Amino acid sequence: MRFTTVFFDLDDTLYPASTGLWPTLKKRMSDYMQIRMNIPTQEIPQLREKYFLQYGTTLRGLQANHDIDVVDFLAYVHDVPLQDYLRPDPVQRQAIASLGTRNLVFTNADSAHARRVLAALRLDDLFETIVDVNAVEPYCKPMPEAFAAAMRAAGEQEASRCVMIDDLPRTTQAARQLGMFGVLYGGEDAGSQADATFSDWRQLPGLLGSWRTRRGAANG
């Protein structure tokens, strides 16, 4: 058996956390809550943490508990000059291009942001589909319903043929529980929350290839 579909998380996965982009986006979420929604500044950190844990994302929590314009929120949060943070990585591009799999972005951001990030990284031609937060509404990663929607978008019926690459252990753990191969990006120890981990893109093709071989032997 070989992997046929690879789902890639976007933020802090297709670019490293060291770029500083994700903290900037998180600050803009907090700014939006304070400026546009009049939520007291001192309440925002605790509220965001609560919504992240309970609903999967700050946005889903705001949708469930507040009157919010989703389009306006996403546009505000992602209104960032990506060229100040992101640079193409030829090693990363070569690694992804060599996989021979169907590659999709699976993100809790929106497709407009995903397309801008992919263009900045010069990876846009390597991904055939973007599964964004709007495509899986009212769910989001790591909810099983969001994974089911992503598999439908990929035209994939067998979870065992799918890989989920993400920087959050709770996402790779959810993928594993559904039968996917969960790969943690940037983590030092996969533990029980992922099947494998890597931090150097040159490792990815060999990592997936070796696990395909092991799975085939186990099932053969």
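Guide: In this predicted model, helix α2 supplies the largest share of the lining of the largest pocket, namely 4 residues. The helices α1, α2, α3, α4 and α8 (169-177) each contribute at least two residues to that lining. The pocket holds about 570 Å³ of space, and of the 27 residues that line it, Trp22, Met29, Phe52, Thr57 and Leu168 are the closest to its centre. Sorted by class, the lining has 10 nonpolar, 7 polar and 10 charged residues.

Among the helices that supply the lining, α3 (residues 58-65) has Thr58, Leu59, Arg60, Gly61 and Leu62 buried, and the buried residues of α3 pack against α1 (21-35), α2 (44-55) and α4 (70-77).

Aromatic pairs also deserve attention, and the structure holds 11 of them. In one, the ring centres of Phe8 and Phe127 lie 5.2 Å apart with the planes at 90°, so the pair is edge-to-face.

As for confidence, the protein chain averages a pLDDT of 93, and 95% of the residues score at least 70. Over residues 213-220, however, the pLDDT is below 50, and this stretch has 7 contacts in the model beyond near neighbours in sequence. Where pLDDT is low, the predicted coordinates should not be read in detail.

How values were computed: Residues numbered from 1 in each chain as written. Predicted model: local features only at pLDDT ≥ 70, side-chain atom pairs only at ≥ 80, totals over all residues. Heavy atoms only, no water. Buried < 20%, exposed > 50% of the residue type's maximum accessible area, 1.4 Å probe, protein only. Contact = heavy atoms within 4.5 Å. pLDDT = per-residue confidence, 0-100. 1 Å grid on protein atoms, 1.4 Å probe; cavity = no way out; pocket = protein on both sides within 12 Å on 5 of 7 lines; lining within 4 Å. Points joined across faces, edges and corners; volume = space filled by probe spheres on them. Nonpolar A, V, L, I, M, F, W, Y, C, P; charged D, E, K, R; others polar. Phe/Tyr/Trp six-rings, centres within 6.5 Å; stacked < 30°, edge-to-face > 60°.
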